[in-house]
Amino acid sequence: MNNNGKKNPSAAPNDPPDGPARRTFLKLSATALTAPLLLSARNSDAAEWVTTPQPVFPPSPPTRPWLEELPRQIVPIESVSTLDPPPSVSPNTAGGEAGRAPHQRYAELTGVLGTPEFYELSVVENAEYLVHPDLPTQRVWAYRGTNPDATVPATIFAHYGSPTLCRIYNKLPENHVGFGSPEISTHLHNLHTPSESDGYPGDFYSKSMAGPTLDTSGTKQGAGEFKDHFYPNIYAGYDEWRALYGDGIGDPKEAQGTLWYHDHTEDFTATNVYRGLVGFYLLFDHIDTGKEDDDKPGALRLPSHPYDYPLAFGDRRFAPLPDGQLFYDDLHVEGVLGDKIVVNGKIEPVLRVDARKYRLRLLNSGPSRFYEFYLVTAKDKVQRFTYIANDGNLLPQPLFNQSKVRLAVAERADIVVDFSQYPIGTELYLVNRLRQDSTRKPKDVKAPGTRVLKFIVDRNPPEQDLSQVPNQLRPLPDLPTPEEIDKLPKRRWEFDRKNGLWTINGRLFDTHNPRAKIKQGSAEVWELVGKSGGWSHPIHIHLEEGRILSKSVDGIEVPVPLHERGRKDVFVLEQTMTMRVLMRFRDFHGKYVMHCHNVIHEDHAMMVRFDIEGEDD
Amino acid sequence: MNTRRELLLGMGSLGVAALGLQAWRGAQAQSQLALSTNQRIPNTPLVTHEGKEVRFYDDLVRGKVVAINMMYVACADICSTATANLRRVQQLLGARAGRDVFMYSLTLQPELDTPELLKAYAELHRVDPGWLFLTGASADIEELRYSLGFSDPDPLVDSDQTTHTGMLRVGNDAFQRWTMAPALAEPRQILATINHVSRTLTF
């Protein structure tokens, strides 16, 4: 191996500081990548080429940990009493609404459930956001509610049986320069949502632009400054249930709890989410009531607000100082793997907690990094906690004494941590032990890992902790018998790569043409197939969650981990894995998508439209 | 100073034969490219199928909306289909092609694809004005290919021209925003991406 003539990486800081920032950056990147390349080449067996011949981006500037504090408790978005103009079933294009399809079943469902609770969200740019005191302020995008005290990210508390109507304004600057595109299409992942409110990728809008699938018949040709999203908050299988019982809002076994919303604009999901377009939507019902002192029979009394705390983790990369700005390379087919983890928008923050039980709702908001989180002491001793929900859905029984949470992009895990077992003053860390070198897949698990969040147990709770983790949480809906499953239609979806593009069944996303047409109310077995190794695809299917029936790798059946045996909406297809998933398509019709939630794969066409056809279609 | 070139030089010293990286051989040659001040898109010297010498950034990209793919004349795989498909996109663009939206096809085999050959190829595919087929020095084209993300992180895949990129790189230089569309996607799907990026059809 000949290292002569190569630049010494340490020479980089000697570059003239007054040169253009971009040039400095390029110099740094060039010198930074030489050494690792040569190192890895010395040992031919260990040579790893995953990041070459792509550019190796320079590391983010160093940040001193634990300087930023997360709010002790979150403050949700408040609902509003009225919307002006008032919401309408058909889009109010004259009043500034984008050209969506009319709300499905609006009169019927609000007739049964009552007037929706109104929310007003604005998607805004904040050019002065502080992500960490060692970095300059950042130009980020965010969802904002009407109450200025709401915490980051914007969080909505909603309740089953009480519909929500969320008006989402697009106030992004139209002349925005750089990565990300200032149109929005907001997907509430994975609410059981009518298609026109689902944030279909082609339904993006701004006051001057309309996506290709919006209705362009209005005077503004589909463009609009806002769009109303109708979230009925009914259980999947509403129609079935009411046909059986004549009443109710569906089967509570289908309840979802930890949902999140994010931008889904076609071709720009990765960059728009990376700019910050992420929020939480927490759904409660008569058992997961959000009240730990609830004395009603059946109430689970899980740790509740303010001890119910959502945490969104996302990977980010920042350009070298003095620029220090959020960095993304939208000319890079593999996207950018972040080397800084933001937790609710802050790098290496501290969360002060009371010595009591907390429900922590962990979300991997992407874009590309996977995590395996451990809770450790200052001496890296692994701590135990209780795993209660995966992908936002409570498991039938809690998984006690767990030590890790693995999350692919878009996966969620709710855990209960009992901080009462620690003396006041104890410091604990959430660490990520999953190493990853490329956006394609995680590499391996290695201790002690990277500390991403610090907990300080700094006081006793002002009131007694009445919460509990009962031995039974939420039962699962009965599965059909194996004979019944055998009779269901099968659909095979192969996830592959061809000509440098990510494909599903050899094809690329077509926003206008469904690759499957499915009768509303039907059930199918979907076979998700990783066709070639080398990457992991977290597959997300809109409209309803599914149940993993089996998993196999190269034809050999592998066990489904306990936490994946509930209802899931993200199916992590690792390399050459095949998964059989029971899917249902109930209550609503229209266009939906299935896609890889590694959003750079999604934006590189690994997405498929499927249409649910109603009785009249 | 350039990211990709530095990298290619580093790779070259590993031994081309050992890695079987035919495509990288040319890249070891020093090229004299300069990056434009604020862009990392190289200002590569190129020749159009009409025989005109151009600079990639200054003449073809600066301030423009562009759609760029890679092809070569002898390609027996997706190139002809992709070119025919992009021809339909050009027709959908109508008068905007060459005025608001510029289409470029870069050859993957610059040593074989002379301007004359590319001209014949363009004529064969009845390409209208406003769409340029481009060739140049091998090392320069390689650098440009990496700069635009027409590459695969796996060097064996990357060097295999039979699996070469099917991506259409779509960008708007004025807004410094880039995305892609599959060159084989439905023409109206490609058009939708171009329209989104071009921002010229705003209401």
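Is A:Cys166 buried or exposed? In this predicted model, for which local features need pLDDT of at least 70, side-chain atom pairs count only at pLDDT 80 or more and totals for chains, interfaces and linings use all residues, side-chain values rest on heavy atoms, with hydrogens and water left out. Residues are numbered from 1 along each chain as its sequence is written, while chains are lettered from A and ligands numbered from 1 in the order in which they are written. A:Cys166 is buried, with a relative accessible area of 2%, where buried means under 20% relative accessible area, exposed over 50% and partly exposed in between, for a 1.4 Å probe and protein chains only. A:Cys596 is likewise buried, at a relative accessible area of 0%.

A disulfide, taken here as a pair of cysteine sulfur atoms within 2.5 Å, occurs 1 time over all chains. It is formed by B:Cys75 and B:Cys79, whose sulfur atoms lie 2.5 Å apart. Because the torsion about the S-S bond of B:Cys75 and B:Cys79 is about 85 degrees, the disulfide is right-handed. B:Cys75 is placed in the loop between β3 (65-71) and α4 (79-93) of chain B, whereas B:Cys79 belongs to helix α4 of chain B; helices (H or I, at least four residues) and strands (E, at least two) are DSSP runs, numbered from the N terminus. Both cysteines are buried, B:Cys75 with a relative accessibility of 8% and B:Cys79 with a relative accessible area of 2%. Neighbours within four places in sequence being left aside, B:Cys79 is in contact with B:Met71, B:Tyr72, B:Tyr121 and B:His164, contact meaning heavy atoms within 4.5 Å. An unreviewed UniProt entry places the feature "binding site" at B:Cys75 and B:Cys79; UniProt positions are given in the numbering used here, feature names are shortened, and annotations may be inferred rather than shown by experiment.

Charged side chains were examined next. Over all chains the structure holds 52 salt bridges, each defined as a side-chain nitrogen of Lys or Arg within 4 Å of a carboxyl oxygen of Asp or Glu. In one of these, A:Glu125 pairs with A:Arg139, the closest N and O atoms being 2.5 Å apart. Since A:Glu125 lies in strand β2 (residues 117-129) and A:Arg139 in strand β3 (residues 138-144) of chain A, the pair ties together parts that are 14 residues apart in sequence. A:Glu125 is partly exposed, with a relative accessible area of 23%, and A:Arg139 also counts as partly exposed, at 38% relative accessibility.

A further salt bridge joins A:Arg167 to A:Asp228, with the closest N and O atoms 2.7 Å apart. This pair links distant parts of the chain, 61 residues apart, with A:Arg167 in strand β5 (residues 164-170) and A:Asp228 in strand β7 (residues 226-231) of chain A. A:Arg167 counts as buried at 1% relative accessibility, and A:Asp228 is buried with a relative accessible area of 0%.

The side chains of A:Arg586 and A:Glu254 likewise meet in a salt bridge, at 3.0 Å from N to O. Here the linked parts of the chain are distant, 332 residues apart, A:Arg586 lying in the loop between β31 (577-585) and β32 (590-596) of chain A and A:Glu254 in the loop between α3 (238-245) and β8 (258-263) of chain A. Both A:Arg586 and A:Glu254 are buried. Elsewhere, salt bridges that share partners join A:Glu69, A:Arg72, A:Arg352, A:Asp354, A:Asp458 and A:Arg459 into one network.
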